[in-house]
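Student: Could you walk me through this fold, a bit at a time?

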Amino acid sequence: MGIHANFFVAGIRDAAIFDTNPDAFEPHTAYYKNLTESELSVLWAILTDTELNESMREFECIFYVDDGERFIVRLPHSMVEKLTDVDGSALEALTARWAGSAEMQREPDEVRPIVNDLRRLSKHAIETGQAVYLWNCC
């Protein structure tokens, strides 16, 4: 079964609505499994060339129910900005490093769609003055 990991773009006032009405956020969503802020913090650490522990502190939990069965975190704005800037060979290197990390342990071809979706959502968030969120459900 695994952990549901749904990314979406929203304003802060609307983000919690995703828990009960995810269809309202289409087409600015991406659905995956087994991704949490832990894996995303590794991506952010790679993007910013910082230590992992420094990166984890800025994922803000904006929604939490059922003893953590479902929650929503906002991706740090600086991570969203950096995701919009990376392309070409830098994008391939980022994808390969994240895929090969101890937290991911996947092939780059499995990770590439996730990175591409995160870039797409980040670009939309920047263009519209919104944020990118991750909804997890155990």
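This is a predicted model: local features need pLDDT of at least 70, side-chain atom pairs count only at pLDDT 80 or more; totals for chains, interfaces and linings use all residues.

Tutor: Residues are numbered from 1 along each chain as its sequence is written, and side-chain values use heavy atoms, with hydrogens and water left out.

Student: In what order do the 5 strands of the open sheet sit?

Tutor: Strands here are DSSP E runs of at least two residues, helices are H or I runs of at least four, and both are numbered from the N terminus. Two strands pair if DSSP finds at least two bridges between them. The pairing is antiparallel, and the order is β2-β1-β5-β4-β3.

Student: Which strands stand at the edges, each with a single partner strand?

Tutor: An edge strand has one partner, so one of its sides is left without a neighbour in the sheet. Neighbouring strands are turned by 20° against each other on average, direction ignored. The edge strands are β2 (29-33) and β3 (60-65).

Student: Which residue in β5 is the bridge partner of N6?

Tutor: β1 (residues 4-10) is joined to β2 by 5 antiparallel bridges, with H4 standing opposite K33. On to β5: 7 bridges join β1 to β5, again antiparallel. There, N6 has as its bridge partner W135.

Student: What angle does the direction of helix α1 make with that of β5?

Tutor: Axes are lines fitted to C-alpha atoms, for helices over the stretch in contact, and angles run from 0 to 180 degrees between N-to-C directions. Contact means heavy atoms within 4.5 Å. Helix α1 (residues 37-48) packs on the sheet, touching β1, β4 (70-74) and β5 (131-137), and the angle with β5 is about 145°.

Student: At what angle do the axes of α1 and helix α3 cross?

Tutor: L40, L43, W44, L47 and T48 in α1 meet S78, M79, K82 and L83 in α3. Those contact residues divide into 6 nonpolar, 2 polar and 1 charged (Ala, Val, Leu, Ile, Met, Phe, Trp, Tyr, Cys and Pro count as nonpolar, Asp, Glu, Lys and Arg as charged, and the others, Gly among them, as polar). The axes come within 10 Å and cross at roughly 65°.

Student: Is T29 buried or exposed?

Tutor: T29 lies in strand β2. Its contacts, not counting residues up to four places away in sequence, are F7, F8, F18, P22, R120 and L121. With a relative accessible area of 6%, T29 is buried.

Student: What kind of pair do the rings of F18 and W135 make?

Tutor: Rings of Phe, Tyr and Trp (its six-membered ring) pair if their centres lie within 6.5 Å; planes under 30 degrees apart count as stacked, over 60 as edge-to-face and the rest as tilted. The structure holds 7 aromatic pairs. In this one the centres are 5.9 Å apart and the planes at 55°, so the pair is tilted.

Student: How many residues apart are F18 and W135?

Tutor: F18 is buried at 1% relative accessibility, and W135 is buried at 10%. F18 sits in the loop between β1 and β2 and W135 in strand β5, so the pair links distant parts of the chain, 117 residues apart.

Methods:
Buried means under 20% relative accessible area, exposed over 50%, partly exposed in between (1.4 Å probe, protein chains only).
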